[in-house]
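User: Hi! I have a structure open and would like to go through parts of it with you. Can we start?

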Amino acid sequence: MAFFVPTEAEHVAPAEVADVELYHPKSWWTRYIFCQDAKVIAIQYAITAGAIGLVALVLSWLMRLQLGFPDSFSFIDPGDYLQFITMHGMIMVIYLLTALFLGGFGNYLIPLMVGARDMVFPYVNMLSYWVYLLAVLVLVASFFVPGGPTGAGWTLYPPQAILSGTPGAEWGIILMLVSLALFIVGFTMGGLNYVVTVLQARTRGMTLLRMPLTVWGIFVATILALLAFPALFVGAVMMLLDRILETSFFMPAIVEMGEQLNYAGGNPLLFQHLFWFFGHPEVYIVALPGFGIVSDLISTHARRNIFGYRMMVWAIVAIGALSFLVWAHHMYVSGMNPWFGFFFATTTLVIAVPTAIKVYNWVLTLWRGDIHLTLPMLFAIAFIVTFVNGGITGLFLGNPVVDVPLSDTMFVVAHFHMVMGVAPILVIFGAIYHWYPLVTGRMLNETLGKFHFWVTFLGAYLIYFPMHYLGFLGVPRRYFEMGETDFIPQSAQTLNEFITVVALIVGFAQLVFLFNLVWSAYKGRVSGRNPWRATTLEWQTPDFPPRHGNWGPTQPVVYRWAYDYSVPGADQDFLPQNLAPDQVTADNRHKDLPDGAVQPAE
Amino acid sequence: MPTVKLGLIVFLAVVTVVFSLLVAAYTHRMTLADWRPLPEPWLLWPNTAILILSSVGLQWARVAANRGRIDGVRVGLLAGGGFAFAFLAGQLLAWQQLAALGYFAATNPANAFFYLITALHGLHLLGGLVAWGRTTAKMWRGSEVAELRLSVELCAVYWHFLLLVWLVLFGLLLFT
Amino acid sequence: MNKGLVVGLVLVLVAVGSVVFHFLSPWWWTPLASNWGYIDDMIIITFWITGVVFVAIILFMAYCVFRYSHKEGRRAAYEPENKKMEWWLTGLTTVGVVGMLAPGVLVWGQFITVPEEASVIEVVGQQWQWSFRYPGKDGVLGTSDPQNISFENPFGLNPNDPNGQDDILIEGDDLHLPLDRPVKVLLRSKDVLHDFYVPQFRAKMDMVPGMVTYFWFTPTRVGTFEILCAELCGVGHYAMRGYVVVEEESAYQEWLQEQPTFAQLSGEARNGTGDVLNPVLSEAAADSAERGSVQ
């Protein structure tokens with residue numbers, strides 16, 4: 001009955017694991033702080049990312065207050081405003097989303113889902129987190145140095161980023177670049193783990209084409225990140241030298257405020273190429289894990305196999321490969337050779353095809369399913385809505401002629417918030433509601449969850465959908481205030497006020513979510529093992545929640561793909577990946593079932 | 001394949017990207033009108049020879065480890081490490097030569113690239129020397145050849161890789 | 001009430017609401033004042049293709065949620081793949097993508113191909129103001145170099161280049177353009193990135209220090225249009241404004257006659273009688289430059 005019948009040839013030998021004794025930490029310190037268990041590292045990553053993410057959330061409130069009510073907040077001046085948007089963007093993209101998807105979900109789920117005991121280099125994995133924490137601290141330090149953090153925009157374009165007309169040009173930009181370089185070093189340590197673990201530590205029977213799409217998404221995203229972050233690293237180091245040693249990698253001859261500077265011969269566009277060679281794959285570094293996770297949420301909660309699994313895997317790989325060929329679509333109006341426009345327009349629109357296939361397959365998984373409208377499912381549906389919306393506006397901006405009037409307007413802001421802000425965050429929420437019981441053994445509160453869901457989904461849509469129209473109107477991004485501008489009607493300001501109010505409400509709902517996270521850890525309903533009746537391995541561990549080493553004395557053996565839901569002939573509507581073929585029907589099953597490992601909780 | 005070796009290969013892929021991007025940026029910058037190449041210090045030639053010897057030393061250790069001969073491993077490791085330190089010292093001297101002639105990093109873009117490229121390469125070698133130090137320490141404590149074999153092999157692979165990177169970079173600096 | 005019905009209805013509301021908002025929105029592009037109607041057309045084409053897909057996907061999802069919501073005894077279909085359907089969907093998507101890409105690249109080809117008869121002007125950006133230069137009688141802009149930039153020579157023109165002597169320099173005043181004549185705008189920056197952006201013209205391009213970039217358009221409507229900066233350039237970014245005046249040929253020529261040439265200005269500067277030519281910061285920008293940091 002299983003979809004893929006295993007053959008001897010498909011079996012993958014599990015990586016050699018050291019003595020299981022290793023997995024019994026001796027002291028409180030090695031258990032909770034300097035811990036090498038990927039699950040603990042994941043939680044450390046998640047808490048750190050969440051904490052710095054809160055800072056970014058508060059910054060977004062401040063900037064929205066300024067945009068909605070431009071004359072009311074005298075404590076915000078134009079320099080502050082630029083610092084808010086810069087730090088908000090950088091934190092959200094790098095220190096929250098990248099760290100949470102790869103360092104958080106990657107660490108927690110990869111070893112469990114592929115049936116490994118842990119990451120293959122646990123010590124390096126632990127170092128990865130501590131270097132990440134250091135990067136975050138350096139970033140935070142920039143708020144307290146003279147001149148404050150950099151206000152160069154999250155793209156950090158030189159020459160502006162290191163000249164005195166931009167706030168934070170004294171210390172902020174230096175700390176920013178150092179922090180980024182540290183982040184990349186730390187990430188590389190983690191990334192090596194994720195890739196090698198997927199390649200070598202899969203348990204017996206877990207072929208590549210039996211892996212859950214979550215693992216596929218994180219795996220491919222990690223490869224992208226390993227190959228893309230070096231571009232940012234090189235760019236950051238070069239800019240650091242330009243700033244400190246006055247080299248001229250990116251700095252041409254410049255006359256700043258009437259004064260000749262000591263730079264000559266550099267090329268600002270070189271930085272933009274390096275930045276976007278990293279920056280575009282970065283979009284998919286955030287998107288691909290989201291794609292993978294949402295596939296698993298939809299499949300599990302619709303009790304139906306993911307539609308077109310192999311196509312989904314190929315789409316992830318194709319998107320990953322193509323993402324290295326589209327970077328200059330961020331630069332149509334940068335002044336680069338305009339003939340590049342033809343090439344990058346084509347690659348950009350081509351990437352829409354595999355992306356669209358993924359969307360169709362999610363929706364087709366719902367079709368003829370048995371849809372349980374649980375919180376994870378609701379968030380998955382909301383993800384599809386916002387992702388399709390944001391993806392579609394990407395087709396506007398990918399077409400160079402359409403990009404010309406819309407670039408650097410609020411349309412761009414609305415687009416990328418919808419597609420790589422709201423959509424991935426909704427997946428993260430869905431994923432947290434889904435896997436929270438695995439981590440804590442308790443369910444998140446459903447009522448608070450419903451409130452959180454509806455306010456976040458509808459609120460975010462109300463914020464960003466109308467914002468596109470400010471872009472059509474021609475309102476530029478990164479403006480402290482519009483002032484009296486001829487072509488902008490008063491109603492546009494009213495819309496800005498509306499957006500600000502909604503943004504504050506949505507922000508408040510996140511505090512409810514935070515409360516729910518803490519409260520449910522102590523008072524939440526006990527979930528029982530496998531509350532969602534999922535097939536994937538992370539729910540089939542002998543201990544629940546899983547302990548260090550994950551699998552007790554023996555690692556599981558995998559007999560089927562991750563999507564055996566509602567298989568005809570089977571008497572329950574899901575077959576865990578490690579359920580032996582001779583146990584699919586009830587008659588056989590009762591004989592030697594490991595206690596409760598595959599039984600639904602309810 | 002041993003897990004650590006695959007890890008090393010993935011890491012080398014990342015480092016390859018770093019240096020490829022630097023080469024791309026360098027060649028792009030070269031095409032601009034005001035490019036003035038800097039004279040390569042003659043010291044780079046002996047330095048290159050020393051780095052080759054360093055690689056040979058580690059290869060020697062690797063072969064000896066495969067044959068189970070601890071004395072060969074010892075000679076190879078020490079020679080490899082020693083030459084690597086000599087190379088780094090030589091690179092620092094080359095910097096000094098250039099600075100003495102008035103070629104500072106900020107003077108023109110070719111200089112800036114030269115300092116950046118050599119510094120990054122040197123830092124990677126320094127990182128390799130940490131791994132080399134651990135292996136050597138293990139050897140000193142009297143580990144069996146079999147326990148050393150993998151570490152020695154990884155060091156050798158990393159050294160050959162850095163030698164290759166250096167030859168490419170040196171060629172680039174020479175011919176432009 | 002049935003959960004599937006509620007969620008399905010909300011999804012329908014999102015789809016329909018978005019469409020209604022689109023048609024009723026008072027926020028739409030400013031009336032066109034250049035030849036780039038094709039750009040507007042491309043946006044409309046893209047809207048139709050993507051809008052249909054968006055609405056179709058959301059409505060289908062709403063239907064699924066409503067129709068296949070969990071009920072006692074329901075069991076999902078087991079169908080791992082359906083090659084035929086997947087290829088159909090891939091094919092249709094490709095058609096839609098080509099429908100946007102093909103006209104897109106055609107218009108892009110026009111956008112980057114400057115007509116021969118276009119006259120040349122130069123826009124110079126600096127923190128945080130615009131200046132403009134016309135080629136003068138000889139129709140050729142003189143060469144410039146950042147190293148020449150000084151108090152007396154804010155454009156950095158080469159004082160020994162005969163082509164530059166009759167160049168007309170406008171600082172701290174509006175840009176004037178003749179109606180219905182194609183113009184190639186050369187863009188230069190003294191300090192950081194800027195972007196010459198007039199929403200009514202649709203076209204725009206970054207200005208990059210160390211390079212000369214360009215775009216072209218034909219003004220098609222008389223009027224005064226506001227220039228904004230569309231590339232972050234520091235604390236005064238939002239206040240970096242200027243005006244373009246598009247007028248009939250005769251009025252334009254009349255205005256042009258009254259403007260000073262480089263030769264005149266440098267003569268005056270030597271004699272110490274000229275107007276002060278230093279950059280005039282707008283009040284807000286100067287103010288913010290002083291205060292520009294959190295601490």
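Analyst: Happy to! This is a predicted model.

User: Where is the kink in H6(A)?

Analyst: At A:Leu226, with an angle of about 30°.

User: Let's switch to chain C. What's the strand order in its open sheet of 5 strands?

Analyst: The order is E4-E10-E9-E6-E7, with mixed pairing. E4 (175–178) and E7 (204–207) stand at the edges with a single partner strand each, so one side of each has no neighbour in the sheet. On average, neighbouring strands are turned by 25° against each other, direction ignored.

User: Which sense do E6 and E9 of chain C pair in?

Analyst: Antiparallel, over 2 bridges, between residues 194–197 of E6 and 223–229 of E9. As for a specific bridge, C:Tyr197 has C:Leu228 in E9(C) as its partner.

User: Which helix packs on that sheet?

Analyst: H5 of chain C, residues 249–257, touching E4 and E10 (242–247). The direction of H5(C) makes about 140° with that of E4(C).

User: Now the interface. How many residues of chain C are in contact with chain A?

Analyst: 100 residues of chain C, which meet 129 residues of chain A. Between them the two chains bury about 9,900 Å², with 69% of that on carbon and sulfur atoms.

User: Which three residues supply more of chain C's buried area there than any other three?

Analyst: C:Trp27, C:Tyr78 and C:Trp108, which supply 9% of the area chain C buries against chain A.

User: Last one: B:Leu172. Buried or exposed?

Analyst: Buried, because its relative accessibility is 15% and the cut-off is under 20%. B:Leu172 sits in H5 of chain B, residues 145–174.

User: What does B:Leu172 touch, leaving out residues up to four places away in sequence?

Analyst: B:Val23, B:Tyr26 and B:Thr27. B:Ala61, on the other hand, is 111 residues from B:Leu172 in sequence and 30 Å away in space, C-alpha to C-alpha.

How values were computed. Residues are numbered from 1 along each chain as its sequence is written. Chains are lettered from A and ligands numbered from 1 in the order in which they are written. This is a predicted model: local features need pLDDT of at least 70, side-chain atom pairs count only at pLDDT 80 or more; totals for chains, interfaces and linings use all residues. Side-chain values use heavy atoms; hydrogens and water are left out. The bend at a residue is the angle between axes fitted to the seven residues ending there and the seven starting there. Helices (H or I, at least four residues) and strands (E, at least two) are DSSP runs, numbered from the N terminus. Two strands pair if DSSP finds at least two bridges between them. Axes are lines fitted to C-alpha atoms, for helices over the stretch in contact, and angles run from 0 to 180 degrees between N-to-C directions. Contact means heavy atoms within 4.5 Å. Buried area is the accessible area (1.4 Å probe) that two parts lose on being put together, summed over both. Buried means under 20% relative accessible area, exposed over 50%, partly exposed in between (1.4 Å probe, protein chains only).
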